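Subject: Structure handover

Hello,

Here is the structure for you to look through. Please open it first, then read my notes beside it.

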There are 2 protein chains.
Amino acid sequence: MIIVRTVREMQMRADDWRREGKTIAFVPTMGFLHDGHISLMTEGRARADALVVSIFVNPTQFAPGEDLDKYPRDFEGDELKCRTAGADAIYYPSAGEMYPEGYQTYVNVQEVSRGLCGASRPTHFRGVATICTKLFNAIKPHVAIFGQKDYQQLLVIQHLVKDLDMDLQVIGMPTVREKDGLAMSSRNKYLNEGERKRAAAIYRSLKAARAAVEKGELNPRAIEGVIRGGLKEAEPCEIDYIEVRDADDLSPIEQIRRPAVAAVAVKIGATRLIDNILMAPLASHDR
Amino acid sequence: MIIVRTVREMQMRADDWRREGKTIAFVPTMGFLHDGHISLMTEGRARADALVVSIFVNPTQFAPGEDLDKYPRDFEGDELKCRTAGADAIYYPSAGEMYPEGYQTYVNVQEVSRGLCGASRPTHFRGVATICTKLFNAIKPHVAIFGQKDYQQLLVIQHLVKDLDMDLQVIGMPTVREKDGLAMSSRNKYLNEGERKRAAAIYRSLKAARAAVEKGELNPRAIEGVIRGGLKEAEPCEIDYIEVRDADDLSPIEQIRRPAVAAVAVKIGATRLIDNILMAPLASHDR
């Protein structure tokens, strides 16, 4: 496994693989890897000849006052996990390599970036779309693998790739969870013991929402109420949003007629956690 | 020479060439080709194994009320010129292929898009950066060739490619001119006989500006005055801008100490024409 620190070297490696007829799978990360990332790497390893994992805590997707500076890092631990998962390369550029002086170009995916996390983090998805464009141009993957935990991010990337005619496939993988249901996230490390216990209420509330839809409740506002009720078990907590939206384009909906996603962002203590669940109404002939 | 109408087919052709070890040169155009375009194609033909010319009148770089609908078109004439210049492919997608329903992604190069043409056409360079990103992703060129007549556009593309880590080289080629100095442009077709004659004053005024710099005038405002004086010969005309700026990043300057560009946009009749000239102060030991 090689560690690549510059755009130029990454492109040369990618060109070498492609010239040899090899396919490239890519897993973008901000490091501090957990089992969710491992599941993405395992998928990438199975889908292509070469597997590249990027580790880059991307400053342009953090706003001032967010946790850029304290975001957890553990390059040695990450290196071991990548090696064990069978990665061929870690792409590990510096912030100066990615954003040198005079940098001035940004990619905006408009509609799907609005609302949900885009409301409280207005430049977040611009940063995500920009860094992913840069990473795709350096790594030249045939397939890129993202987690469904960041559901809005996954849709932003799918729209980005489609709209800009990028020649790669985007795969979304199911969220990997702790035993009590909490979605794995590098940010879970910020939680103290009490907060960690209360955080399990997030996924319980989402499962209750899905159960209600499956029992026939098709009013998104009622489903949001179910989640709000379930999140009482996480108190004290601060709810950023609870929303039921169309699963394909995140447009607001008045009734659940097609697959929908229930997405939440909750601050427990100082830690902002997000999660989501997909849910589909029973086909009418099933009822 | 093949004519390619879809993103998917273009990418497959590009992959085929690259797999064979061939290099790809790309000349983007909006069609209605003239000798300026031919010079770009000749350069592309000399620099790579395969030459792709795109013909696409890009709606996102026109504002409402601009000349999108009346922009001149002549696909049969263009096809012959591309064939004669030795192109291997014309990439000729429809507007629906490039911007299908639900399209929502734009690329913004910030600083160099401001001022000059960006002032009177505020979304123009966003459209240019976006379409070039899409064309690069479909054609996968090793080298892309642009004309220096659209000087600000050339800098936007150079910044775009550098900032987003696109793995291709951007070449700017000298402006090709009519005998009386008028820069070749598909829009010259809009001019009636009297307008066409007056339009020659644009380049005369730019040459006078360069001569003044070479004689030692280093005040950008004085140089702009020289151009304004020269443009009296184009009257009646409407001056959009006359500006002397840094040649590398288009930043405003107070004195000409390094290479500068004098750029103008002038409306003669209903036709907006642009042109520019590079000029450098004599090195101090020359004086």
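To compare copies, they are superposed by least squares on the C-alpha atoms of residues with pLDDT of at least 70 in both. This is a predicted model: local features need pLDDT of at least 70, side-chain atom pairs count only at pLDDT 80 or more, and totals for chains, interfaces and linings use all residues. Residues are numbered from 1 along each chain as its sequence is written, while chains are lettered from A and ligands numbered from 1 in the order in which they are written.

**The two chains**

A rotation of 180° with 0.0 Å of shift along its axis puts chain A onto chain B, with an RMSD of 0.0 Å. The two copies are therefore related as by a two-fold rotation axis. Which residue of chain A comes closest to that axis? Val107(A) does, with its C-alpha at 2.3 Å.

Next, contacts. Two residues are in contact if their C-beta atoms, placed from the backbone, lie within 7 Å. By that rule, 22 residues of chain A are in contact with 22 residues of chain B. Helices and strands are DSSP runs, numbered from the N terminus (helices: H or I, at least four residues; strands: E, at least two). On chain A, α1 (7-19), β5 (105-109), α6 (124-139) and α7 (151-163) each supply at least two residues of the side that touches chain B. β5(A) gives the most, with five residues.

By class, this side of chain A has nine nonpolar, eight polar and five charged residues. Here Ala, Val, Leu, Ile, Met, Phe, Trp, Tyr, Cys and Pro count as nonpolar, Asp, Glu, Lys and Arg as charged, and the others, Gly among them, as polar.

Strands also pair across the interface. Two strands pair if DSSP finds at least two bridges between them. β5(A) and β5(B) (residues 105-109) pair in the antiparallel sense over five bridges. Val109(A) has Thr105(B) as its bridge partner.

**The six-stranded sheet**

In chain A, six strands form an open sheet in the order β1-β4-β3-β2-β6-β7, with parallel pairing. β1 (2-4) and β7 (169-173) of chain A stand at the edges with a single partner strand each, so one side of each is left without a neighbour in the sheet. The twist averages 25° from one strand to the next. (Axes are lines fitted to C-alpha atoms, for helices over the stretch in contact, and angles run from 0 to 180 degrees between N-to-C directions.)

Now look at β2(A). Are its residues buried or exposed? Six of its six residues are buried. A residue is buried if 20 or more other C-beta atoms lie within 10 Å of its own, exposed if 12 or fewer, and partly exposed in between, with C-beta atoms placed from the backbone. In a regular strand the side chains alternate between the two faces of the sheet. On β2(A), one side holds Ile24(A), Phe26(A) and Pro28(A), the other Ala25(A), Val27(A) and Thr29(A), and all are buried.

β2(A) runs parallel to β3(A), joined by six bridges. Ala25(A) stands opposite Leu51(A) in β3(A). α6(A) lies across β2 (24-29), β3 (50-55), β4 (89-91) and β6 of chain A, at about 150° to β2(A).

**The three-stranded sheet**

Chain A has an open sheet of three strands too, in the order β8-β9-β10, with antiparallel pairing. Its edge strands are β8 (238-246) and β10 (271-279) of chain A. Here the twist averages 10° from one strand to the next. Nine bridges join β9(A) (residues 260-268) to β10(A). One bridge partner in β10(A) is Leu273(A), for Val266(A). Helix α9(A) (residues 220-230) lies across β8 and β9 of chain A, at about 145° to β8(A).

**The core**

A nonpolar core is a set of buried Ala, Val, Leu, Ile, Met, Phe, Trp, Tyr and Cys residues joined through C-beta atoms within 7 Å. The largest one has 163 residues, of which Ile202(A), Ala262(A) and Ala262(B) touch the most other members. Not counting residues up to four places away in sequence, Ala262(A) touches several residues, including Leu206(A), Ile223(A) and Val244(A).

**A loop**

Ala63(A) lies in the loop between β3 and α3 (75-84) of chain A. Ala63(A) counts as partly exposed because it has 13 C-beta neighbours inside 10 Å. Its C-alpha and that of Pro122(A), 59 residues apart along the chain, are separated by 8.4 Å.

Best wishes
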